[in-house]
Amino acid sequence: MLTNQILSAARVMGLQTRRNYGASAVLLAKASDPIQQLFVTKLREYAQKSQSAGGKLVDATPAIERELKQEMEKLAKQYGGAQGEDMTAFPTFKFEEPKIDPINASA
C-alpha cells in the first residue's frame, strides 16, 4: 500500500519536473536569431518609453495629439457624449428595481 503511494508520487513528480523544465528552458533561452534579438530590444525600448510617457501616446508629435483630440471630439458628437466627457472610459450603468404591485392572495 505504502509502496504504491510512493511509486505514484515519484511518477507524478517526474512528470511535473519534465513539464517545468520544458517550459522554463524556452523562457530562459537567449535569442539566437539577430532579428529576434532586435525585436526583443525594440520591445524593451518601447516598454521603457511607454512607462515614461505615463499612459499617453509614445513619441507623439503635436500634430498627432491634435488629430487624436479631433477624433475623440468626433466620436463624442457621433455617440452623444457631452462636452469634455471621457469617451475612452467604460460607461457606467444603473439598473433600478422596477416597482411591482403586491399580489393579492385573497382574490
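Select F90 first: at 70% relative accessibility, this residue counts as exposed, a term for over 50% relative accessible area, whereas buried means under 20% and partly exposed lies in between (1.4 Å probe, protein chains only). The structure is a predicted model, in which local features need pLDDT of at least 70 and side-chain atom pairs count only at pLDDT 80 or more, while totals for chains, interfaces and linings use all residues. Residues are numbered from 1 along each chain as its sequence is written, and side-chain values use heavy atoms, with hydrogens and water left out.

F90 and F93 form an edge-to-face aromatic pair, with 6.3 Å from centre to centre and 80° between the planes. Rings of Phe, Tyr and Trp (its six-membered ring) pair if their centres lie within 6.5 Å; planes under 30 degrees apart count as stacked, over 60 as edge-to-face and the rest as tilted.

Now extend the selection to F95. With F93, F95 forms a stacked aromatic pair, at 6.2 Å centre to centre and 25° between the planes. Both F93 and F95 are exposed.

Finally, move to V58, in the loop between α2 (34-53) and α3 (62-78); helices (H or I, at least four residues) and strands (E, at least two) are DSSP runs, numbered from the N terminus. Which residues are in contact with V58, leaving aside its neighbours within four places in sequence? They are Y46, K49 and S50, where contact means heavy atoms within 4.5 Å. Select Q48 as well: 10 residues from V58 along the chain, its C-alpha atom is separated from that of V58 by 9.9 Å.
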